[in-house]
Structure formats: C-alpha cells, structure tokens
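Please keep the sequence and the model in view while reading.

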Amino acid sequence: MIFTMMILHGMMAVFLVGAITHQAIGVWKTKPVPSGTFFQSLVNVRGMTYVNAIVILYCITAILGGVVYPFYVLDVKGSLTDAQMNEAVGAFELKEHFAIVGLAMLPSYWYLWKKVPATEFRRSRQLNTTLICAMVWTTFVVGHILNNIKGVM
Amino acid sequence: MSRLFPLGVFAAVFTVIYYACFVFSITPVRFYPLNYDITTADLPRTAGPAMGWYTWIVIGSMSGAIAAVVAYIVPKNVGEKAGAYLSWMIPLGVVIWMLWVEKHWFFETAAAQ
C-alpha cells in the first residue's frame, strides 16, 4: 500500500513540476513571440489553462505526501540521524515547510489567474507563480534525493 | 467587498502561524505514528517519534481562515492592491525565515548541534 502511495506521490509530482514550470516560464513573457522554435512555443504557453490542473495536482500530491510522511519518520529519518546525515534531514525539514507555503498560496494564486484581468496585478501573478514553482521544484528534488539515499521500503 | 485581500491575508497568516508553531514548539496535539496514537500527552520514548506537522497545518490554516473572514469586510478599492502584494511578499519572507532557521543543518558540524 505504501509502495503504491509513494509511486502515486512521485507521479503526481512529475505532472505538477511539468505544468507549473511551463506556466512559470510563460508568465514572464512581456511581448508576443512567434511559435517557431521549441523555446518560443514554451514561452507562448497559455498559463490560464494550467491553473485548475496545477491546484488539483498540488493538493493531491500534498495529501499523498502527508499520507507517506509517517513512514518516512519511522523508517528513514532515524536512519539518517544515526548516520549523521544532517544535510539530508535538514533538506526534508525544508521540504515539509515549503510544501505548506505553496499550499497556503494556492487560493490567491488561483484568484490572480482566474478572476483578475490579465492586465492587472501582473507582477503579483508572476511572483505567485514563480514562488510556487520554486517550492514545487525544491520539494520534488529533495524528495527524489532522499528516496535515493534511503527509500521507505 | 474585497476578494483578493482576504486570500492574500490567508496566505500570509497561514504561513506565519504555521512556521511560528514549528519554531516555538506549539504542538498541543501530537501524532505518534508507531502506534497511531493521537494525544495531547507527551508519551515516553517507547511510543516512538512524535509528529507535530499535521497540528501546525491545522492551526495555521484555521488561523488563516479566521483572518481571511475578518479581512473580507475591507472595501475592494482599499484591499485589492494590498492583497496582491500580501499574497507573495509574506510567504517569501517566511521562506527566508525558514532558510535562516534551518541553516544549522547545513552549516554547523554535528558536534556543534
């Protein structure tokens, strides 16, 4: 059961990283760009179409993370502490906190994208999206590194 | 009625209260995953490690929700711009606070801890 949860958590995180990264790149576009190359297409992504998917993926990933967290505390954290791998333990502490920062920002993030006209509060929309993207990438990378050091199985 | 302001207040209050609970060890309810105990008591070491994360999330989110309800009465013309800034400035500040508090894991020796 925990194995399935871990795999699902990881898969949802992959989808989330892809979606939020596309959106975070596109939100900084300042002028129209032709879609000739890969990078131009990347910048031209319509960020608003990603919002609901990102919110749902974030919530599912966070809930699954919350479900597997006790197994990390029981099976992994003690081993890392005994091995004096302080950086790994600290990285996970940051991961658990960053995930909550992103979660708290989701309502305002959603509102800025869905309810505020695109010409208003542009900088706040950019910074909300970029900060959530940074949280997602950090938690994603830390999770994978820790799983490589010692998985919950 | 302002809409963005309450959501900015929610993000700000949630993140600040959540992390303050962690930093100041405000954990009225603990979860002991070894035996699935949820208790306000401080159980002995044989009960295994205690978790406060879920408690901090509940306290932070409830505080944020209450603050957001109060902030809902702020007129739209006053609150919208403030809400837009609150929604990312305070969380960013909390992230910097987190990095500062947690730096000991990365920059201090095991002996110093």
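Does B:Trp88 count as buried or exposed? At 12% relative accessibility, B:Trp88 counts as buried, where buried means under 20% relative accessible area, exposed over 50%, and partly exposed in between, with a 1.4 Å probe and protein chains only. The model is predicted: local features need pLDDT of at least 70 and side-chain atom pairs count only at pLDDT 80 or more, whereas totals for chains, interfaces and linings use all residues. Residues are numbered from 1 along each chain as its sequence is written, chains are lettered from A and ligands numbered from 1 in the order in which they are written, and side-chain values use heavy atoms, leaving out hydrogens and water.

Rings of Phe, Tyr and Trp (its six-membered ring) pair if their centres lie within 6.5 Å; planes under 30 degrees apart count as stacked, over 60 as edge-to-face and the rest as tilted. By this rule there are 15 aromatic pairs over all chains. One of them joins B:Phe10 and B:Phe14, edge-to-face, at 5.5 Å centre to centre and with 70° between the planes. Both B:Phe10 and B:Phe14 are buried. They stand four residues apart in helix α1 of chain B, and so are separated by about one helical turn; helices here are DSSP runs (H or I, at least four residues), numbered from the N terminus. The ring centres of B:Tyr85 and B:Trp88 are 6.5 Å apart and their planes lie at 55°, so this pair is tilted. B:Tyr85, at 37% relative accessibility, counts as partly exposed.

Ring pairs also link A:Tyr69, A:Tyr72, A:Phe92, B:Phe31, B:Tyr36, B:Trp53 and B:Tyr54 into a cluster.

Helix packing comes next. Two packed helices are described by the angle between their axes and the distance between the axes. Helix α4 (residues 86-114) of chain A and helix α1 (residues 4-23) of chain B have axes that come within 8 Å and cross at roughly 170°. Axes are lines fitted to C-alpha atoms, for helices over the stretch in contact, and angles run from 0 to 180 degrees between N-to-C directions. The crossing makes α4(A) roughly antiparallel to α1(B), a term for angles over 145 degrees. Among the residues that meet are A:His97 and A:Tyr111 in α4(A), and B:Phe10 and B:Phe14 in α1(B); contact means heavy atoms within 4.5 Å.

Finally, A:Cys133 lies in helix α5 (residues 122-149) of chain A. A:Cys133 is buried, with a relative accessible area of 10%.

Definitions and conventions:
Helices (H or I, at least four residues) and strands (E, at least two) are DSSP runs, numbered from the N terminus. Angles under 35 degrees count as roughly parallel, over 145 as roughly antiparallel, 65 to 115 as roughly perpendicular and the rest as oblique.
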